[in-house]
Amino acid sequence: MRFYWLLLSVLSTLLIALPAQAGRLLYWRFESNDNRLIFTTDSRVQPRAQLIPNPTRIVLDLPGVTLGRPSVDQIIGGTIKSVRVGQFNAQTTRLVIELAPGYTVDPQKVVVKGISPTQWTVDLPTPQRIARPSTSPSLPPPKPSPSPAPLRPLPTPSAQRSNDFQVTRSGLFINLERNGNNNQIRVNRSEDQKTIEFTLPGASLPQSLINQTLPVNEYGVGEIRFEQPQTSPPEARLIMQVSEESPNWQGYYSRLGGLVLLPKGGISKVRDLTPPEPSANNNPSNSVSQNQLPTISLIQLINNNTQLLIQSDKPIQGSGNLDRRTGVYTIRIPNAQLAEPITGPQLGRNSPIYELKVRQINPESVEILVKPSLGIRFGRLSQPNQQVLALDVRSLRTSTVTPNPNPRPINVPPPSNTSLPPITSNPPSTSSVSPRGRVLVIIDPGHGGKDPGAVGLGGLQEKNVILPISLDVSRLLQQRGVQVKLTRNADYFVSLRGRTDLANRSGADIFVSIHANAVGGGRSHVNGMEVFYYGHRDLSEAIHRSIIRSINVGDRGVKRGRFYVLRKSRMPATLVEVGFVTGTEDNRRLSDPAYRRQMAQAIAQGILDYIQQKRL
Ligand code: ZN
């Protein structure tokens, strides 16, 4: 049974390292009575819409939006067959409304409307029977009827508006031009069977297709990419994403112009193949929940921080309880599990939520504790749709939650040059210290999870010594207005690459890795701390000085070390070895929480000294 607490504030910062500033699809639903699709994202989105015939589908692409969970295919019934939601490519989430066979809608009457930059509706007119089903499957289609047709009022990329690429009744048609009489077409299927590449010497693609990737989602073909490398004579390249079970495809130049792509054995061989899923992100949460309990993967503040949304991949139900004395709101969700990792809201200085904890209270229930910031009260727990719980967040002083719609800049003078008071065990309250919010420090507790690090006397594990120290360093720095991100905040494994990627992508100013040492051979007399640098020495020296000044510990000095995290991080970086878990003296002291707090204070002070020294 898993039983753990997660500090979402920190986890969410870890996730920033994955898709840079991608928005998320928070929820969607289809209201069959009104033929209306509603969806909400957590950041501004400009959808692209198109109508694709045969069968009729309304395809909405949300660029810059990730789904972060498995695709969903919801059967609607009636004239609307289904609504599918999936990750089209790394940056785009796709919603597809598919009509029942034989039905279509007038694209001019499909209304896509943004209620706000993050909330959209798609209204369909009543679907009509297709009047005159085409009877001639002959190839190639002459200049085909204007489809896919763009829906108004959204702008669509030119390729989707053109007739240069068509899904026909027997295959695919591309309106390319042949220079000269080269009939050669090279076809190459990838080893994993998932892509088929056509190389067309002497062929030129129309401008509207070059470097475009267009959806097919039919005949076992996911999407097709068009490339025109700068070669002379010209050479066009088409890359098709196909289902592994798909037969090979072949290309033919049509006598009437253009290129036709056909599956070997005819269209019947591919008609029922499922198009390949666009390669989803490798979010581990995707693997957790197949055919299992509803999985909660996202907790997010929306609508100007007035609602906290809890998002699951399947229907959930929850109950809420407000502790009037503490203001803490507890949400219990039976028959649900937590995704790993789970994405939480960014809890910063201005967040209405002070702390958010989630845990699996037994294998089948999830508990979420939300602690409000000062002046915040939680209201009602509601259910905007089956997969989402929403908690109202109210401010007693409205100004702290609802930002002025026309923000005006406030002049902030630079911090004064007086030196910062040293950290004491009772640090001054946050308000009394100059906030230096712009400095970002990465604190990197080494090892974790399956990797215990050094194991010393009495089985003392490095990972368990350095985590509390790191958490303390982080807390102390934050109390001084320094922004901090931890590479891990609990006992789980993070790769070295993951650690430096976080630092590099978040543009951190300082990287501090915290470790404990070990020697073999029973040399328990070896004790002491040491600090390593690779490029920049000053940060290591500042921390070293601070430790020596405040703690009576063996001094092994400042050294150059070729550690991965020091070599790969792009900012001043240091690796602090706080002592030897194998040393008699260090082992005893590192087992003592009071000593660890002292060590954390010394490291934090060293970091502050460095920030001060460099005027960061
Ligand atoms: Zn280590």
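Start by selecting Gln 311, which counts as buried at 2% relative accessibility (buried means under 20% relative accessible area, exposed over 50% and partly exposed in between, with a 1.4 Å probe and protein chains only). Gln 311 belongs to strand β27, residues 307–312; helices (H or I, at least four residues) and strands (E, at least two) are DSSP runs, numbered from the N terminus. Show its surroundings and, leaving out residues up to four places away in sequence, you'll find that Gln 311 touches Leu 26, Tyr 27, Arg 69, Thr 295, Ile 296, Ser 297, Leu 298, Gln 387 and Val 388 (a contact is heavy atoms within 4.5 Å).

Before moving on, a word about the model. It is a predicted one, where local features need pLDDT of at least 70, side-chain atom pairs count only at pLDDT 80 or more, and totals for chains, interfaces and linings use all residues. Residues are numbered from 1 along each chain as its sequence is written, while side-chain values use heavy atoms, with hydrogens and water left out.

Now colour by pLDDT, the predictor's confidence in each residue, from 0 to 100. The protein's mean is 78, and 81% of its residues reach 70 or more. Select residues 1–21: pLDDT is below 50 there, and the stretch has 59 contacts in the model beyond near neighbours in sequence. Residues 397–437 are also below 50, with 50 contacts counted that way.

Next stop, the zinc ion. Which residues coordinate the zinc ion? Pick out His 447 (NE2), Glu 462 (OE) and His 515 (ND1), at 2.1 Å. Donors here are N, O and S atoms within 2.8 Å of the metal (3.2 Å for Na, K and Ca); water is not among the atoms, so sites may look incomplete. Along the chain, the donors follow the spacing H-x14-E-x52-H. Glu 462 lies in helix α4 (residues 462–479) and His 515 in strand β37 (residues 510–517), so this pair ties together parts 53 residues apart in sequence. Both Glu 462 and His 515 are buried.

Switch to the rings. There are three aromatic pairs in the structure; rings of Phe, Tyr and Trp (its six-membered ring) pair if their centres lie within 6.5 Å, and planes under 30 degrees apart count as stacked, over 60 as edge-to-face and the rest as tilted.

- Phe 165 and Phe 226 are edge-to-face, 5.4 Å centre to centre with 70° between the planes. They link strand β15 (residues 165–167) to strand β22 (residues 221–227), 61 residues apart. Phe 165 is buried at 6% relative accessibility, and Phe 226 is buried at 0%.
- Tyr 329 and Phe 378 are edge-to-face too, with centres 6.2 Å apart and planes at 80°. Tyr 329 sits in strand β29 (residues 329–334) and Phe 378 in strand β33 (residues 376–385), so parts 49 residues apart in sequence are tied together.

Then try two charges over rings (NZ of Lys or CZ of Arg within 6 Å of the ring centre and within 35 degrees of the ring normal). The charged end of Arg 178 is over the ring of Tyr 253, 4.3 Å from its centre. Lys 450 has its charged end over the ring of Phe 493, 4.3 Å from the centre.

Last, a sheet. Five strands make an open sheet with mixed pairing, in the order β6-β2-β3-β12-β11 (two strands pair if DSSP finds at least two bridges between them). At the edges are β6 (65–66) and β11 (111–116), each pairing on one side only. Zoom in on β11: it pairs with β12 (residues 119–123) in the antiparallel sense over five bridges. Finish on Val 111, which stands opposite Asp 123 in β12.
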